[in-house]
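Here is a short note to read beside the model. Please keep the sequence and the 3D view open as you go through the points.

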Amino acid sequence: QYNLETEKDPVVIVISTTGTGDPPDTARKFVKKIQDTTLLPDHFAHLQYGLLGLGDSEYTFFCNGGKTVDRRLQELGAQHFYDTGLADDCVGLELVVDPWIDGLWLALKEVFLLQKEKEGMSSDVDAVSSSLSAAPHVVHELNLSSEVQNLKLEDGGVRNSDVLTQKLVDINLVGSVGDTEPSLVHSVPPVSQSALNIPALPPEYIEVQFQDTHGENPHLSSLISEGTTFEVPVTKAVQLTSEDAIKTALLLELDIADTVFDYQPGDAFCVICPNNVNEVEELLQILGLTEKGDYFVCVKVKQGTKKKGATHPQHIPERSTLKFILTWCLELRAIPKKAFLRALVECTSDAVEKRRLQELCSRQGASDYTRFIRESNVCLLDLLHAFPSCKPSLNLLIEHLPKLQARSYSVSSSNLYQPGKLWFVFNIVEFPACPTRAVSWKGVCTGWLAELVAPLLHPNKNTLDTKGGNPSTEKVCIFARPNNTFHLPGDPSVPFMMVGPGTGISPFIGFLQHRQKLREEHTDWEFGETWLFFGCRHQHRDYLFKQLKCFLENGTLTHLKVCFSRDSSTAEVAPPKYVQDAIRLYAKEVARILLKEGGYFYVCGDKKHMADGVSDAVVDIISMEMEVDKLEAMKVLAMLREAKRYLQDVWS
């Protein structure tokens with residue numbers, strides 16, 4: 001029991017983020033309470049706290065739940081006794097979580113020692129000190145003083161039963177002496193000879209019952225809770241890159257004329273896609289369920305499960321075929337979390353394989369997990385090939401594999417310019433073969449779409465229709481994902497700049513189509529100048545939209561700046577290689593449009609290698625043109641973002 005209004009002991013807060021940067025449901029009441037504007041600035045002056053935020057940097061408002069609480073507590077006078085940690089699921093929560101927890105015990109020790117000095121606390125602090133001094137090297141059962149027990153660690157703290165206590169490992173488990181390099185299936189000292197701290201075994205909570213083969217699978221729309229789905233035909237497919245380009249980019253056209261699906265240029269939409277049919281068959285074979293693929297299964301919560309608040313997974317139909325679940329509902333390519341590895345340990349009969357799985361989910365094997373599982377993009381099928389004695393049950397897969405997410409794409413057209421049509425552009429994602437996977441893979445959705453539209457791309461290749469008629473029209477299931485901000489300025493006279501290398505150009509084709517149509521329909525309107533910075537590797541291989549010149553010729557586009565990063569140049573002054581280099585060449589124009597004329601700046605494409613470089617360039621330009629230091633320039637850019645005049649649509 002605690003009361004934050006009077007709490008003198010240190011408080012530890014762990015909070016995730018949901019939606020568009022919102023606190024989780026369980027914290028909403030608390031957040032609303034502390035955001036009361038009548039609270040005085042010293043309301044929490046008595047409070048000392050440490051906060052761990054959990055988030056995913058692939059989303060714009062990273063860890064915003066934690067940041068909101070942290071900022072508000074600071075405003076109300078609370079003090080940190082320990083630095084805030086922000087863990088990123090994009091790279092692995094444990095990279096921040098594990099060291100943060102390790103440091104937490106030491107920080108608590110200091111707090112209690114200070115309290116002892118201030119209040120002359122009783123000698124039970126010595127017990128805390130001695131226990132904490134041992135952490136985090138060996139995890140004991142936490143039998144600390146009541147101050148620490150207030151932390152209410154999940155699952156009642158760390159239990160001895162969850163700690164493997166072997167100090168020395170049978171030499172047979174270490175592998176041959178010649179194996180000096182670790183791999184997914186092989187460890188080396190010190191990990192191979194360590195006692196391991198492994199997570200608690202997650203309780204099973206799903207029950208699967210096989211039924212007959214009669215009935216119909218649910219419609220795909222039932223899998224989506226985000227809005228109305230539309231099944232629409234693919235009417236056109238064009239390969240935008242040459243055969244010798246490093247990446248293959250496709251443009252698809254969908255016919256939405258017979259639907260109420262509506263969009264604005266800059267919006268995104270989602271495609272519901274299946275797992276690869278060969279991977280589904282392979283998984284069924286490994287699980288020994290090939291014969292049962294077409295059987296209907298009934299999925300229920302296990303009676304008497306020890307999992308708290310166990311509920312039927314929303315993304316699993318109550319009744320559908322096994323193949324339907326594995327094809328449309330579960331993300332087979334998901335990187336297994338440590339809890340999943342821990343559960344797989346129990347399904348593995350070979351002692352060497354069992355030990356290695358224990359290492360990979362243990363604290364001692366954290367770097368091996370990062371290197372051989374997370375960074376190698378290892379998935380369930382890879383694990384089952386690498387550890388052939390591992391035979392998980394179907395219910396375990398349903399419990400641990402996440403929902404197969406619909407894939408999001410930027411719209412690349414304007415409904416005003418071509419009513420009833422929707423364009424989108426994508427690269428076919430390629431995963432080359434690697435030590436853990438003998439064959440190369442294509443992206444789940446891009447690979448499926450490429451296969452789906454192959455008859456449209458190569459109409460005479462392997463088609464049975466000798467008359468050369470149109471191949472049968474394939475359909476895809478889509479739903480809207482409107483973007484509230486990445487749109488053209490409301491006032492057409494406002495100038496704007498667009499930066500979109502590679503497929504990042506996609507939304508800007510829609511912008512320019514829309515602008516061209518507006519110019520044709522409203523000859524009396526005033527239109528601001530438009531800039532586009534585009535980049536690709538080679539001019540003759542992956543210059544995706546050479547028709548950009550048409551927009552330039554008819555005045556829709558005022559300035560087009562294109563750079564080619566891999567083409568060699570004989571010019572005396574080397575041309576810019578990347579869009580961020582091109583932007584720097586036009587520093588005065590960027591500053592004029594952004595700082596003097598109230599213009600907009602749009603960036604679309606890869607975050608890490610491009611968008612961050614572009615924002616760095618803009619900061620340097622602001623710093624130079626305003627004659628202020630970099631910190632001040634960063635504040636100006638932050639204000640432009642806040643005013644929704646510097647807008648990004650980026651992916652990792």
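1. What percentage of the 652 residues of the protein count as buried? The figure is 47%, where buried means under 20% relative accessible area with a 1.4 Å probe and protein chains only. This is a predicted model: local features need pLDDT of at least 70, side-chain atom pairs count only at pLDDT 80 or more, and totals for chains, interfaces and linings use all residues. Residues are numbered from 1 along each chain as its sequence is written, and side-chain values use heavy atoms, with hydrogens and water left out.

2. Now the overall make-up. The protein has 21 helices and 20 strands. These are DSSP runs numbered from the N terminus: helices are H or I with at least four residues, strands are E with at least two. Take contacts between residues at least 6 apart in sequence: 77% of them join residues at least 24 apart. Contact means heavy atoms within 4.5 Å.

3. Six strands form an open sheet in the order 11-8-15-6-7-12, with antiparallel pairing. Two strands pair if DSSP finds at least two bridges between them. Strand 11 (407-410) and strand 12 (421-427) are the edges; each has a single partner strand, so one side of each lacks a neighbour in the sheet. From one strand to the next, the twist averages 40°.

4. Seven bridges join strand 7 (residues 249-255) to strand 12 in the antiparallel sense. Leucine 251 faces valine 425 of strand 12. Helix 14 (residues 444-452) packs on the sheet and touches strands 7, 8 (268-272), 11, 12 and 15 (475-481). The direction of helix 14 makes about 70° with that of strand 11; axes are lines fitted to C-alpha atoms, for helices over the stretch in contact, and angles run from 0 to 180 degrees between N-to-C directions.

5. Then helix 19 (residues 587-596). Its buried residues are Ala587, Val590, Ala591, Ile593 and Leu594. They pack against several elements, including strand 17 (530-536), helix 20 (607-626) and helix 21 (630-642). Glycine 598 follows helix 19, with a positive phi near 65°.

6. Last, serine 615. This residue sits in helix 20. Is serine 615 buried or exposed? Serine 615 is buried, because its relative accessible area is 10%. Leaving out residues up to four places away in sequence, serine 615 touches Leu637, Arg641 and Tyr646.

Definitions and conventions: Buried < 20%, exposed > 50% of the residue type's maximum accessible area, 1.4 Å probe, protein only.
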